[in-house]
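Please report on this model.

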Amino acid sequence: MEITIAKLVDSKIGYTIKREFNYQGIREGFVISQSIAPLAKIDSSAEILLTISKGEDSYSIFESRPSDEEYEITSIKQYRYKSKEVINSTTKPSSPTSFTLNSSTPTGKYTGWVDGTWSDSQPSISDSNTEKLSSKDQYRFYYFACDAGHRKPYCNTKCDSCALSVSVYSYNETWIDSAGTSLSYSNYNGDKKIITLDGQKWFFESAGTSNGLTNGTTGQPNKKLYCKSTRAEFIDYIYLSENWSD
């Protein structure tokens, strides 16, 4: 009790004892409550009501009045700071523990191109930075086989090698990226030409001759194929964590 009063005197703060109570378990000089809020400024006209422990078995309530000087209640300052973590990724990652996503920034850097599958259906392109379309022509080569397996360019006839039947149902075809005329070939009966692919005979039509299709075309049939390739852009995902420190 005397220590607390001495501090009031040293601080030039006047006081009067209003009333006393018995109270157990509180050490002497302990401020139980005060009538002014922390961080508040007080002047000489203010009245402050302090409840201060008198010792082990009682406490007193004081009414104190400051001198003509101003006083500010002591406080502890804390400072806010932010931690930043940047994750470079092509897809949005999970937030690190205690961090939240603040922003994302495209970097202008990309992965390599990944090719899709080739198809005769042309896909759409929605973003020229991450998608591109490739195309190519393929050309048909074919054969019919007799019952002995001899390859021929015609069907519903006799094989000129063994005289066995060449059925229409023995038809086989393959498509490659090169036209027959760009390869090493030989003439076969004028309207057909023959080449060797992987050690086997294949045939294709001479220019201007029938190819058996119903679309009105002549010569070796060809078709356009398309492939959509994609890549991903790297994004800087910026995460922040807010903390407080003394």
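## Confidence

What pLDDT does the protein chain average? The average is 81, and 66% of the residues score at least 70. pLDDT is the predictor's confidence in each residue, from 0 to 100. Over residues 57-63 the pLDDT is below 50. That stretch still has 50 contacts in the model beyond near neighbours in sequence (contact: heavy atoms within 4.5 Å). Where pLDDT is low, the predicted coordinates should not be read in detail.

This is a predicted model: local features need pLDDT of at least 70, side-chain atom pairs count only at pLDDT 80 or more, and totals for chains, interfaces and linings use all residues. Residues are numbered from 1 along each chain as its sequence is written, and side-chain values use heavy atoms, with hydrogens and water left out.

## Cysteines

The structure holds zero disulfides (a disulfide is a pair of cysteine sulfur atoms within 2.5 Å). For C159, the closest cysteine sulfur is in C162, 3.7 Å away, so too far for a bond. C162 is in no disulfide either; its nearest cysteine sulfur is that of C146, at 3.6 Å.

C159 counts as buried because its relative accessibility is 4%. C162, at 28%, counts as partly exposed. Buried means under 20% relative accessible area, exposed over 50%, and partly exposed in between (1.4 Å probe, protein chains only).

## Nonpolar core

A nonpolar core is a set of buried Ala, Val, Leu, Ile, Met, Phe, Trp, Tyr and Cys residues joined through side-chain atoms within 4.5 Å. The largest one has 16 residues. F141, Y143, V166, I195, W202 and F203 touch the most other members.

Leaving aside neighbours within four places in sequence, Y143 is in contact with residues including R151, Y171, W202 and F203.
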